[in-house]
Amino acid sequence: RWRLFSDLLYKHNFSEIIQRASKIFVSHSQITRLYSRFHSLDKGENGALSREDFQRIPELAINPLGDRIINAFFPEGEDQVNFRGFMRTLAHFRPVEDNEKNKDPSAGEPLNSRNNKLLFAFRLYDLDRDDKISRDELLQVLRMMVGVNISDEQLGSIADRTIQEADTNGDMCISFSEFIKVLEKVDVEQKMSIRFLH
Amino acid sequence: LHFNHLIMQTTTATQLDDGSMEEEIGELRRSHPKSLAGGDFTLCDAFYFCKKGIESIVEDQVTQRFTSEELASWNLLTRTNNNFHYISVRVTIIWGLGVFIRYCILLPLRVTLAVLGLSWLVIGTTLVGLLPHSNVKTWISDLIHVTCYRICARALSARIRYHNKENHPKKGGICVANHTSPIDIVILANDGCYAMVGQIHGGLMGVIQRSMVRSCPHVWFERSEMKDRHAVAKRLKDHVADKTKQPILIFPEGTCINNTSVMMFKKGSFDIGATIYPVAIKYDPQFGDAFWNSGKYNMVSYLLRMMTSWAIVCNVWYLPPMSLQDGEDAVHFANRVKSAIARQGGLVDLFWDGGLKREKVKESYKEEQQKMYSSMIVGQD
């Protein structure tokens, strides 16, 4: 732990980390706390997390969508995520009220906007990133959530009904705009936010 | 289902919306049009699992138990210097002075005491072992054990307060306590004699173990014997049946936890049918961190850290004895005892297994969640 501090102070230019990080996360103490967490997960001590590092968290390992959530941290084709990437992904879950404190007009749409939160959720389903949730992709996620407890036929009819309800342009897939429409009354800001205390 | 409890224990760094799976998904769906055809799935159900997953990435209940507790204010030991950085010249000078005192004055004194204490134990118990069985022998043996542990406690500058001494474990019973470090044994044995249970080691530990057992009965196992649960249970049963033998001391967590929580108690000791005497041990981390992070430090460096801390301060509470109730199984009994200890010591009561320090979590917990979710979308079978 002492090394963590000497790392921060001398090797990685802590103030630079804070400055760049504060574009993503406003509070200094939140950033320090997340860096501390990142460091404790980084068993290999190489400044980056692998999928195994995440799977070591028991509560995440038993989460039915655990693998998909872990996937969201890793950019296309990579198997390491650095601290910046770690923070960027977590920043989607900042409460929307936080934005009031940091009005930077040049920053563009913040990561934790309602839209971006929905996009994060959409991408849990849309594994191949083709901007459509196909029947197969929906079935895959359903199967992850229900395990062995529901038959293929029943799951298939659930998937069909879901697509039917959402699909407006008849392509038997759910596009992002159809996804947004279906969930327009859901309180996304609250349900996809966590409070990072102090 | 108690696993629901498992997922929802409150954390400090993030504030959980503490609802069960049913409540949370129910709320998500309230704003969504209800389906008509069979199957009650909605796209936003995934939000629940997603949020829980992200919360566990930011802070989880388990991995934090295997590293030392963080302090609110610095106690001048660099080992606890996680979030404190360079403050001023004055603090650094005071810290430097502290280092000198701890390493050059306290450490040599403590090491001397520890060596004296352990030598006393080995020599004393070997000599007593030569005596024939009698009340006098038992009395002298107890005296030697307690004296040794008292010397060792001084060697650690341990300040121990015992509460509710009227509930002190009696012969023929089993004493169970939460486990933070090997020092727990010294802490408890300062106030009475216990029969220890454990594996026979080689080296110095082995020498101590073998001499201890000459003067009074302890329960030492060979490594191969430990795997045979029935053999272990039988030896424990035989020991408690003999009312002249000291109460057995067992740490049912099976591994060291960082003294902020109590983790799953292994049911083996609760299946014997003996009276259980629960004991809660809570260390005050301000003067020295007692937790042994066995992955990070070996025994020698751990003891060195102990002897260069300011002091080991702790409270020990003896809880009223508990027994297996009618119709209760060992697992339920173990959980009941665990909750009592957690409540008394002000520790978080967790259902997670301390073995998660080294092993992967069981798939069955995930399967339980999947089952619960399935019943929500197709109704009970």
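Across the interface of chain A and chain B, 14 residue pairs are in polar contact, both residues at pLDDT 80 or more. A polar contact here is a pair of N or O atoms within 3.5 Å; within protein, one must be able to donate a hydrogen and the other to accept it, and residues adjacent in sequence count only if both atoms are side-chain atoms. Sorted by class, the side of chain A that touches chain B has 39 nonpolar, eight polar and 10 charged residues. For that sorting, Ala, Val, Leu, Ile, Met, Phe, Trp, Tyr, Cys and Pro are nonpolar, Asp, Glu, Lys and Arg are charged, and the others, Gly among them, are polar.

A bit of housekeeping: this is a predicted model, where local features need pLDDT of at least 70 and side-chain atom pairs count only at pLDDT 80 or more, while totals for chains, interfaces and linings use all residues. Residues are numbered from 1 along each chain as its sequence is written, chains are lettered from A and ligands numbered from 1 in the order in which they are written, and side-chain values use heavy atoms, with hydrogens and water left out.

Back at the interface, chain A puts 57 residues into the contact and chain B 58, counting heavy atoms within 4.5 Å. You'll also find two salt bridges between the chains, meaning a side-chain nitrogen of Lys or Arg within 4 Å of a carboxyl oxygen of Asp or Glu. A:R33 makes a salt bridge with B:E59, with 3.9 Å between the closest N and O atoms.

Now for the sheet in chain B.

Strand 3 (residues 174–177) of chain B runs parallel to strand 8 (residues 276–284) of chain B, joined by four bridges, and B:V176 sits opposite B:P278. Strand 4 of chain B pairs in the parallel sense with strand 5 of chain B over three bridges.

Note on methods: Two strands pair if DSSP finds at least two bridges between them. Helices (H or I, at least four residues) and strands (E, at least two) are DSSP runs, numbered from the N terminus.
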